[in-house]
Amino acid sequence: MRLTDALKLVMVPLTRFMRSVVMIRTAVFVFASLSLASANAQIYKCIDAAGKVVYSQNPCPANTKSGTVTRRVDRPSAAPAATPAEGSADKAAKGDAAKKTGPKTTADQEQDFRKRQQDQAKAAKESSAKSAEAQRKAENCRTSRERLAQYEIGGRMTRINPQGERYYLEDAQIEQEKARARSDVAQACN
């Protein structure tokens, strides 16, 4: 098949584009390979004459004791089957100890996080209740003192009866009210 000149002009830029895509992919592959190679670097453990331990990526000098650091994953070995005489409490205790020593799962972390949130909310609620109670006590103390101050100033005191009429308190009634106000101050302001 023969291609026309217009079709040839369209095909040439397409091949240049494809070449640049291949070059970019190759560069990314080479870069990724180099970064992975450096990630698997060897770590050396060097112990000098004084007993000081130094970890390095470079091999140890000749006058130091050397060793390499390896990373291994401990796999649980097959444990002998538990006898029926062994109690379930022992199993639970071993499970709790394993949970405390091993890394936490995301579910455990989430549960701990929610527990901390609930504890914080409870503490905030308790502190706000204590604050409101302290404000209430301070307000009661202030009003009791104001009432006592009115009685101690002296003068004529009035009240309104159930019919809506104003009447004056006698001296004995004022003294009773003053004594009641003093006891209220003693209760509210301690």
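Buried means under 20% relative accessible area, exposed over 50%, and partly exposed in between, with a 1.4 Å probe and protein chains only. This is a predicted model, in which local features need pLDDT of at least 70, side-chain atom pairs count only at pLDDT 80 or more, and totals for chains, interfaces and linings use all residues. Residues are numbered from 1 along each chain as its sequence is written, and side-chain values use heavy atoms, with hydrogens and water left out.

View 1. Helices (H or I, at least four residues) and strands (E, at least two) are DSSP runs, numbered from the N terminus. Along the sequence, the pattern reads α-β-β-β-α-α-β-β-α. Of the 190 residues, 8% count as buried. The chain exposes about 16900 Å². Carbon and sulfur atoms supply 57% of that area. Accessible areas come from the Shrake-Rupley method with a 1.4 Å probe; for residues, only the protein chains shown count as cover. Contact means heavy atoms within 4.5 Å. Among contacts between residues at least 6 apart in sequence, 33% join residues at least 24 apart.

**View 2. The largest nonpolar core has 7 residues.** A nonpolar core is a set of buried Ala, Val, Leu, Ile, Met, Phe, Trp, Tyr and Cys residues joined through side-chain atoms within 4.5 Å. Here the members are Leu148, Tyr151, Met157, Leu169, Ile174, Ala181 and Val185. Helix 4 gives the most, with 3 residues. Which residues does Tyr151 contact, leaving aside neighbours within four places in sequence? They are Met157, Arg159, Ile174, Glu177, Lys178 and Ala181.

**View 3. Ser144 lies in helix 3.** Ser144 counts as buried because its relative accessibility is 9%. Residues up to four places away in sequence aside, Ser144 touches Asp184, Val185 and Ala188. Val185 is also a member of the largest nonpolar core.

**View 4. Gln187 is in helix 4.** Is Gln187 buried or exposed? Gln187 is exposed, because its relative accessible area is 61%. Gln187 and Lys137 are 50 residues apart in sequence. In space, C-alpha to C-alpha, Gln187 and Lys137 are 9.8 Å apart.

**View 5. Thr64 is in the loop between strand 2 (53–56) and strand 3 (65–69).** Thr64 has 18% relative accessibility, so Thr64 counts as buried. A polar atom of the Thr64 side chain lies 2.9 Å from the backbone oxygen of Pro61. Not counting residues up to four places away in sequence, Thr64 touches Cys46, Ile47 and Asp48.

**View 6. Arg156 lies over the face of Tyr168.** The distance from the ring centre is 4.2 Å. A charge sits over a ring if NZ of Lys or CZ of Arg is within 6 Å of the ring centre and within 35 degrees of the ring normal.

Conventions: A polar contact is a pair of N or O atoms within 3.5 Å; within protein, one must be able to donate a hydrogen and the other to accept it, and residues adjacent in sequence count only if both atoms are side-chain atoms.
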